[in-house]
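Subject: Structure for your review

Dear colleague,

Please find the structure below, together with its sequence. My findings follow it.

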Amino acid sequence: MGYSAVMELKLKITTKICNLPIIKKPLAFNIKPNILEKKCLECGEKIIGRVDKKYCSDYCRNAYNNKVNKDSKNLIRNINNRLRKNYRVLDSFSLKEGKTKTTRTRLMDKGFDFEFITNLYTTKKGTTYYFVYDLGYLPLDNDYYMIVKRE
Ligand SMILES: [Zn+2]
């Protein structure tokens, strides 16, 4: 075993036994490049240890995972808010026999965002309706839209 291999082994053992944060000062001796290049996903500190290690400490692993979860929850909350807003806009039109006609401008003035729908419905004839839950619209000619309610 060479000198660097021995030091590496000692570091591993030390880390395991004491469960201390990894030594943060640069190491004076040679370590294999694939080990040197590993960085903690949370704080960016170099990680020494098993090749599959992603974080320098339990603290960083928890911090990172909490952030990831929070971001995905924010994303879902934002999309749900947009859908709810779109639904309210469609619901603000009074329907006659389950439908009414409006324009793109009127929909957008009310804050409708055409990027957020929940599902599509295509008829046998190939006409596609865009739905936000049970309220939908069908694009017509000249920026007109038919708003419909699914029964
Ligand atoms: Zn870290």
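Which are the buried residues of helix 3? They are Asn 86, Val 89 and Leu 90, where buried denotes 20 or more other C-beta atoms within 10 Å of a residue's own, exposed 12 or fewer, and partly exposed the range in between, with C-beta atoms placed from the backbone.

This is a predicted model, in which local features need pLDDT of at least 70 and side-chain atom pairs count only at pLDDT 80 or more, while totals for chains, interfaces and linings use all residues. Residues are numbered from 1 along each chain as its sequence is written.

Helix 3 covers residues 58-91 and spans 49 Å from its first C-alpha to its last, close to the expected 50 Å (1.5 Å times one less than its number of residues). Helices (H or I, at least four residues) and strands (E, at least two) are DSSP runs, numbered from the N terminus. With three buried residues among its 34, helix 3 is hardly covered.

Val 89 and Leu 90 also belong to the largest nonpolar core, which has 10 residues; such a core is a set of buried Ala, Val, Leu, Ile, Met, Phe, Trp, Tyr and Cys residues joined through C-beta atoms within 7 Å. Strand 5 gives the most to this core, with three residues.

Glu 97 lies in the loop between helix 3 and strand 1 and is exposed, with 7 C-beta neighbours inside 10 Å. Tyr 133, in the loop between strand 3 and strand 4, is partly exposed, with 16 other C-beta atoms within 10 Å.

Yours sincerely
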